[in-house]
Amino acid sequence: MTDIIRSPRPSPELPSRLAERELGFWLFLMSDLVIFALLFATYGVMADRVAGGPSAEELLELRRPLLETLLLLTSTLTMGIASLFWQSGKVRYPLILWLGMTLVCGGGFLYLELQELRHLLEQDAGPSRSGFLSAFFVLVGTHGLHVCLGMLWGLFMICQLLLRGLDAEVASRLQRLGSYWHLLDVVWIVIISAVYLPGAMP
Amino acid sequence: MTGRLSWEALPTYGAIVTFAAVLVLSLIVMTVAYLTWTGKWGYLWREWLTSLSHKRIGIMYIIIAFVMMLRALLEAMLMRAQQAVALNNPGFVDAEHFHQLFSTHGTVMIFFVLMPFITGLINKVLPLQIGARDMAFPWLNAVSLWLTASGAGLVIMSLLLGRFSTGGWSGYPPYTGIDFSPGTGVDYWIWALALSSISTTLSGINFLVTITKRRCPGMGWMRLPLFVWTTACSSILIIFAFPSLSVATLLLALDRTLDMHFFTNDLGGNMMHYVNLFWLWGHPEVYILILPAFGVFSEVIATFSSKTLFGYRSLVYATVVITLLSFTVWLHHFFTMGSSASVNAFFGIMTMVIAVPTGVKIYDWIFTLYRGRIRFSVPMLYALAFIMTFVLGGVSGVLLAIPPFDYVVHNSAFLVAHFHNMLIPGTLFGMMAGYTYWFPKATGFRLDEYWGRLGFYGWLVGFYLAFMPLYLLGLMGMPRRLQQYDQPEWQPLLIVAGAGALIILLGALCQLIQLIVSIRRRRTLADRTGDPWDARTLEWTIASPPPEWNFSVIPNVDERDPFAAEKGKGHAYPLPARKDYQDIELPRNNGLPFVLGVLSFWLGFALVWHLWWLAILTLLGSAGCLARRSFQRDSEKRISAENLYQYDRKRHQQLQKLAGHHALNEGFRWENKVD
């Protein structure tokens with residue numbers, strides 16, 4: 001009944017569609033932020049429930065988290081520089097380079113974080129030891145999982161840049177990846193201030 | 001390889017359960033056989049399972065809601081029958097099964113009846129009311145649908161393999177922890193809820209973006225139909241409250257599967273924290289459920305009083321105030337759990353305060369009725385019953401908001417009566433009214449009035465008989481969730497309540513008959529004009545059912561109740577000039593959301609039974625689906641302006657013919673005589 005024409009060129013509605021997606025994704029991020037807020041509240045409730053096991057003062061130190069912070073802040077900088085390239089919409093390889101550097105920093109962060117968690121497990125301070133450690137592992141782990149997903153997303157976007165090129169849709173996805181990445185940075189700053197600093201400097 | 005799955009998972013632990021499982025299995029087999037026999041699989045796949053159209057998705061949500069409601073009603077009937085006979089004897093439902101019954105009844109009613117019903121109605125109506133062609137994210141919308149379906153599938157699966165939770169719909173630990181509930185029941189509950197809450201969050205985002213970005217020109221915020229306003233506020237609540245449910249249930253899942261200690265009795269767990277997290281979602285959820293129903297009633301009352309809403313602005317402000325306040329009352333669900341008197345007093349007062357905007361709304365509706373030309377059609381009957389019955393429930397709620405009173409009746413049948421008094425005449429009646437009101441818009445014919453009335457009276461009379469005795473029983477000291485009891489003075493009231501449940505079941509049966517009768521009489525009941533109720537908003541300007549693009553030319557609105565105003569001014573059906581038509585784009589059908597739904601069902605199943613290989617496979621599959629989607633280009637089809645123009649011209653000629661000697665542009669009010 002209706003004749004369907006194959007669309008020959010990008011739709012004129014595409015810019016407004018992409019604006020909708022960015023708003024939608026922003027709302028999703030707010031929802032995600034509530035999850036972190038609740039995990040922080042959970043950590044606050046659980047922080048002194050050590051059940052005779054090791055406490056934050058005994059377990060946490062600041063050197064590794066400091067390195068992690070530096071890596072993550074650098075990755076936010078490189079992501080910011082990458083955003084200049086996708087917004088100009090022309091240059092592909094520098095963009096991939098900067099995205100790649102972001103991922104390398106993210107990878108370094110994850111490596112250090114996993115090392116720290118492994119270290120805790122070796123000290124018999126795993127998440128099933130006490131309420132405090134459950135809350136610590138889940139809060140830090142949820143952030144780490146987010147970073148991990150962000151890295152997979154970033155790798156995927158690099159593939160997409162190579163296979164599909166930098167069109168408006170891909171640029172909009174990168175924009176959303178950028179917001180996601182910066183948000184994780186903000187959450188990490190709160191983790192440092194609410195978990196590591198009070199733990200290591202009581 | 002098989003995790004916790006073994007032959008013992010088969011439902012052989014009780015005659016009723018085995019019977020129910022066989023019934024479900026045979027219904028599934030019969031449906032499959034019917035589809036194969038009639039060769040409908042291809043049609044089903046092309047037209048429904050892969051559809052991204054908000055109208056089809058809405059209808060599928062409502063089908064899920066009705067199927068699941070049948071199950072929940074039968075469970076309610078079983079519980080009422082059990083309590084009617086179980087004085088000093090174990091009755092016919094054993095304790096373990098009885099606990100499963102009230103847990104599934106609550107879970108199913110909240111997550112797989114009311115939520116899909118609401119989401120379905122919103123899907124169906126929202127784009128039409130704001131003059132849009134679809135939701136902002138049609139593909140995501142289909143993903144939400146299939147996630148809800150897979151959650152519902154998981155609850156049904158718990159009947160066939162293993163058992164469901166016995167921890168009630170709110171699943172308080174430590175009872176639901178691994179020490180006291182080692183089986184799969186709580187896991188079924190957790191993962192069904194997880195699927196449902198992801199689905200709902202995505203829907204909420206979708207609705208809110210649609211409302212902010214897709215309103216037609218001239219549709220300012222203060223011109224939105226009230227149903228759209230309540231949907232917007234409900235969506236905000238969804239976006240900010242559902243994370244709390246996810247956190248509560250996922251931490252419980254971590255306690256259960258990875259031996260963590262969030263809510264356990266030992267090693268530093270704190271179960272009060274679960275209760276806080278759960279109700280931090282749970283109370284906004286009450287308003288997520290009720291606000292859209294308020295929206296439906298506002299539309300219905302205005303239409304069937306043939307008047308614009310009284311106090312539109314106050315209704316909007318009341319909705320917004322409720323949205324904000326709903327985050328400040330959660331503690332009234334557990335006054336007795338040991339908070340200090342001042343904390344309890346604060347939440348008690350906030351609870352009373354939130355009743356004020358709701359009261360404002362009730363008066364607005366009453367004043368809309370005042371001096372209106374009221375037509376007592378089925379949706380209006382539901383609305384009137386709602387106003388009176390809901391106030392009753394509200395008053396019992398204000399009673400419960402007083403901490404000392406709450407101490408006396410908490411966890412009693414009084415509470416059961418109170419929240420059923422909110423959810424049945426509030427949300428469920430709202431959904432029934434919306435279902436009847438928008439049915440012609442969805443299908444092109446009205447529902448049969450006679451059977452609709454019978455159904456309505458079944459629900460109304462049945463409700464009063466079933467729940468008023470529970471108020472009394474609560475005051476007499478009867479706790480909720482009792483499988484048997486030894487107080488002879490409770491039994492007469494419980495028998496009355498049982499009779500009430502039976503009448504509700506008969507009401508639901510009448511609705512089923514109504515649907516069949518209406519389909520058979522669809523020619524006589526046909527809605528040829530697209531405006532069967534002499535209604536006031538944009539969705540009634542277009543044909544019933546609407547074309548797949550909804551509006552051939554996006555309308556331009558310059559006041560509230562735009563259609564009523566245009567009918568009054570005599571421009572109800574303008575035919576735009578050829579040059580005003582433009583080529584449009586609509587999303588092409590896509591099978592990936594359905595595949596994602598199937599994968600997430602098996603992911604849930606794998607997590608329940610600890611089949612880790614299956615969990616990894618389904619996760620990889622889902623990631624593959626998302627990756628596939630991100631490479632799909634050309635996901636839209638175009639419809640030419642000429643086509644739209646021809647369609648409109650044809651519809652205009654048909655309308656002209658129907659109007660005969662009447663003036664077409666004043667609408668079809670002469671057709672909608674008071675019945």
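Phe605(B) counts as buried, at 5% relative accessibility. Buried means under 20% relative accessible area, exposed over 50%, and partly exposed in between, with a 1.4 Å probe and protein chains only. Trp609(B) is buried too, at 4%. The ring centres of Phe605(B) and Trp609(B) lie 6.4 Å apart with planes at 45°, so this pair is tilted. The rule takes rings of Phe, Tyr and Trp (its six-membered ring) with centres within 6.5 Å; planes under 30 degrees apart are stacked, over 60 edge-to-face, the rest tilted. Phe605(B) and Trp609(B) are 4 residues apart in helix H17 of chain B, so about one helical turn separates them.

This is a predicted model: local features need pLDDT of at least 70, side-chain atom pairs count only at pLDDT 80 or more, and totals for chains, interfaces and linings use all residues. Residues are numbered from 1 along each chain as its sequence is written, chains are lettered from A and ligands numbered from 1 in the order in which they are written, and side-chain values use heavy atoms, leaving out hydrogens and water.

Now the helix itself. H17(B) covers residues 592–609, 18 residues in total. Helices (H or I, at least four residues) are DSSP runs, numbered from the N terminus. From first to last C-alpha H17(B) reaches 26 Å, close to the 26 Å expected at 1.5 Å a residue. That expected span is 1.5 Å times one less than the number of residues. Just after the helix, His610(B) takes a positive phi of about 60°.

Over all chains there are 62 aromatic pairs. One of them, Tyr437(B) with Trp533(B), is stacked: 6.4 Å centre to centre, 20° between the planes. Which parts of the chain does this pair link? Tyr437(B) sits in helix H13 (residues 413–443), and Trp533(B) in the loop between helix H15 (491–520) and helix H16 (562–569), 96 residues apart. Tyr437(B) is buried at 0% relative accessible area, and Trp533(B) at 5%. Elsewhere in chain B, one aromatic cluster includes Phe111(B), Trp169(B), Tyr274(B) and Trp281(B).

Next, the cores. A nonpolar core is a set of buried Ala, Val, Leu, Ile, Met, Phe, Trp, Tyr and Cys residues joined through side-chain atoms within 4.5 Å. The largest has 258 residues, and Phe136(A), Leu174(A) and Trp459(B) have the most contacts inside it. Its largest share, 19 residues, comes from helix H8 (residues 271–304) of chain B. Apart from it lies another core of 8 residues, among them Trp549(B) and Tyr645(B). Leu174(A) touches Trp86(A), Leu95(A), Leu99(A), Met157(A), Leu161(A) and Leu166(A), not counting residues up to four places away in sequence. Contact here means heavy atoms within 4.5 Å.

What about the cysteines? A disulfide needs two cysteine sulfur atoms within 2.5 Å, and the count over all chains is 0. For Cys105(A), the nearest cysteine sulfur, that of Cys148(A), is 16 Å away. Cys105(A) is buried at 12% relative accessibility. For Cys216(B), the nearest is that of Cys233(B), at 19 Å. Cys216(B) is buried as well, at 4%.

Pro15(A), in helix H1 (residues 14–46) of chain A, has a relative accessible area of 57% and is exposed. His661(B) follows helix H19 (641–659) of chain B and is exposed at 73%.

Technical notes
Helix = DSSP H or I, 4+ residues; strand = E, 2+ residues; numbered from the N terminus.
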